[in-house]
Amino acid sequence: KSMHMGLERFLLECYCDDIADKIEKILISIIKASQSASLSAVVTSVILKYPDHLFGVAKILFSSRTVIAYDYTRSIYEYQCKSLYSIGVGLNSSKQIYERERLETCNDTFRQGSLEYLMLYYQLSGNKIGPIELESRRKFIENILDSYYDRYDQLNDYEKFSLVRVDARKMHFEQQQLSDDRTAYRLVPDLPDELIKKKTQTEAELEKTYCYIGVGLWAKRKIS
């Protein structure tokens, strides 16, 4: 585990656009030679930080729904990492430098992203590439998505929601007014009726489950 963390730091720090081809070959060789989920996460971290020149690696990971699903779960719980890593910090002075370094990694903004986000990013962003390359990337991802639509009835609920979250063809822009008088536009998936019904049911169940938490906490405080 520590070796993988060191490998991740080395790859993140040594990357530059001039040697992107070499880094891409290294990342591909890691994927091919390993069956480690931890090493897949290392490769994903490098792609998330430097997506523009590492599409050749990203498209390998895009071919696995399992990798995408695990990475999405990782991105959801990423905000908890700093609290988790802070447990026991400072109890052993000989480890302070390592503990501080680990906590600092939680401030890396790219860790809040995910492979799902990258699939959408590659369909819309032409940063550092020309229109021909952008169209090529978009077509590649659309072909992957279409292969899932071909067996849509076999997908579970997570996979169906994931599919609409990353398909730019099935999205629309929605205007949002920010607090500082600025206007933002966000992409909103066009959910099919089936998923709208599922989303509504899930929200109702969650509301029913958690609606009395506030009262429960208040009562517990009063009793104690």
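Among contacts between residues at least 6 apart in sequence, 59% join residues at least 24 apart in the protein chain. The model is predicted. The protein chain holds twelve helices and two strands. Of its 224 residues, 31% count as buried.

**Overall build**
- From the N terminus, the order of elements in the protein chain is α-α-α-α-α-α-α-α-α-α-β-β-α-α.
- The C-alpha trace of the protein chain spans about 65 × 55 × 45 Å along its principal axes.
- The accessible surface of the protein chain is about 15100 Å². Carbon and sulfur atoms account for 54% of that surface.

**Helix 1**
- Helix 1 covers residues 2-14, which is 13 residues.
- Glu8, Leu11 and Leu12 are the buried residues of helix 1. They cover an arc of only 100° around the axis, so they sit on the same side of helix 1.
- That buried set packs against two elements, helix 2 (20-33) and helix 3 (37-49).
- Exposed residues Ser2, Met3, Phe10 and Glu13 are carried on the face of helix 1 turned away from its buried side.

**Nonpolar surface patch**
- Leu206, Tyr210, Ile213 and Leu217 make a nonpolar surface patch of about 410 Å².
- Two helices contribute to the nonpolar patch: helix 11 (193-210) and helix 12 (213-223) each supply at least two of its residues.
- Leu206 belongs to helix 11. Its relative accessible area is 43%, so Leu206 is partly exposed: the class lies between the 20% cut-off for buried and the 50% cut-off for exposed.
- Ile213 belongs to helix 12. Ile213 has 39% relative accessibility and therefore also counts as partly exposed.

- Leu206 and Gly56 are 150 residues apart in sequence. In space, their C-alpha atoms are 40 Å apart.

**Points to check in the viewer**
- Which residues of helix 1 are buried? Look for Glu8, Leu11 and Leu12, then follow their packing to helix 2 and helix 3.
- Which helices supply the nonpolar patch? Start from helix 11 and helix 12, with Leu206 on helix 11 and Ile213 on helix 12.

Technical notes. Residues are numbered from 1 along each chain as its sequence is written. This is a predicted model: local features need pLDDT of at least 70, side-chain atom pairs count only at pLDDT 80 or more; totals for chains, interfaces and linings use all residues. Side-chain values use heavy atoms; hydrogens and water are left out. Patches are made of residues with over 30% relative accessible area and no salt bridge: like charges are joined within 9 Å, nonpolar side chains (Val, Leu, Ile, Met, Phe, Trp, Tyr) within 5 Å. Accessible areas come from the Shrake-Rupley method with a 1.4 Å probe; for residues, only the protein chains shown count as cover. A salt bridge is a side-chain nitrogen of Lys or Arg within 4 Å of a carboxyl oxygen of Asp or Glu. Helices (H or I, at least four residues) and strands (E, at least two) are DSSP runs, numbered from the N terminus. Buried means under 20% relative accessible area, exposed over 50%, partly exposed in between (1.4 Å probe, protein chains only). The expected span of a helix is 1.5 Å times one less than its number of residues. The arc is that of the directions from the helix axis to the C-beta atoms. Contact means heavy atoms within 4.5 Å.
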